[in-house]
Amino acid sequence: KIILELIDAAKLRRGQLLLEFDREALLEEGFDLATPVVVSNSARFVMEKSAPGAVSPGGVLFRLLPKDE
């Protein structure tokens, strides 16, 4: 069961719920829950990674810091 919560992407806020799903059911079915994150203008930033391991809802996955130009 997957429930999409996002109605208007133009009004997305930090920590806003995007979707809900039954994690255990998906894992039992053999789905890989790794989620790619793409930064399309990455040449403008330096990535500062957070500590390894699981990220809690609303937690920091990484920070993008502007490159000195």
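A search of the whole structure finds two salt bridges. The term means a side-chain nitrogen of Lys or Arg within 4 Å of a carboxyl oxygen of Asp or Glu. Before selecting them, note the ground rules. This is a predicted model, where local features need pLDDT of at least 70 and side-chain atom pairs count only at pLDDT 80 or more, while totals for chains, interfaces and linings use all residues. Residues are numbered from 1 along each chain as its sequence is written, and side-chain values use heavy atoms, with hydrogens and water left out.

**Stop 1: the cartoon**

Along the sequence they run β-β-α-β-β. Helices (H or I, at least four residues) and strands (E, at least two) are DSSP runs, numbered from the N terminus.

How many of the 69 residues count as buried? The share is 1%. Buried means under 20% relative accessible area, exposed over 50%, and partly exposed in between (1.4 Å probe, protein chains only).

Contacts are next, meaning heavy atoms within 4.5 Å. Of those with a separation of 6 or more, 11% join residues 24 or more positions apart.

**Stop 2: the two salt bridges**

Select Glu24 and Arg23. They form a salt bridge, with the closest N and O atoms 3.4 Å apart. Glu24 is partly exposed because its relative accessibility is 45%. Arg23 is also partly exposed, at 48%.

Move to Glu48 and Arg63. Here the closest N and O atoms of the salt bridge are 3.7 Å apart. Glu48 sits in strand β3 (residues 45–49) and Arg63 in strand β4 (residues 62–66), so this pair ties together parts that are 15 residues apart in sequence. Glu48 has a relative accessible area of 38% and is partly exposed. Arg63 counts as partly exposed too, at 45%.

**Stop 3: Lys67**

Step past β4. Lys67 lies in the segment after that strand. Which residues does Lys67 touch, not counting those up to four places away in sequence? They are Ala43, Arg44, Phe45 and Val46. Lys67 is partly exposed, because its relative accessible area is 38%.

**Stop 4: the nonpolar patch**

Select Ile2, Leu4, Leu12, Leu18, Leu19 and Phe21. Together they make a nonpolar surface patch of about 590 Å². Patches are made of residues with over 30% relative accessible area and no salt bridge: like charges are joined within 9 Å, nonpolar side chains (Val, Leu, Ile, Met, Phe, Trp, Tyr) within 5 Å. β1 (2–4) and β2 (19–21) each supply at least two of the patch residues.

Centre on Phe21, in strand β2. Phe21 is partly exposed, with a relative accessible area of 42%. Phe21 and Leu4 are 17 residues apart in sequence and 8.8 Å apart in space, C-alpha to C-alpha.

Then pick Leu18, in the loop between β1 and β2. Leu18 is partly exposed, at 39% relative accessibility.

**Stop 5: the largest pocket**

Stay on Leu18. The largest pocket has a volume of about 1200 Å³. Among its 25 lining residues, Leu18, Val55, Ser56, Pro57 and Gly58 are closest to its centre. β2 and α1 (23–28) each supply at least two lining residues.

On a 1 Å grid over the protein atoms alone, a pocket is an open set of points where a 1.4 Å probe fits, with protein on both sides within 12 Å along at least five of seven lines; lining residues have an atom within 4 Å of a point. Grid points are joined across faces, edges and corners, and a volume is the space filled by probe spheres set on the points.

How values were computed: Areas by Shrake-Rupley, 256 points an atom, 1.4 Å probe, with all protein chains shown as cover.
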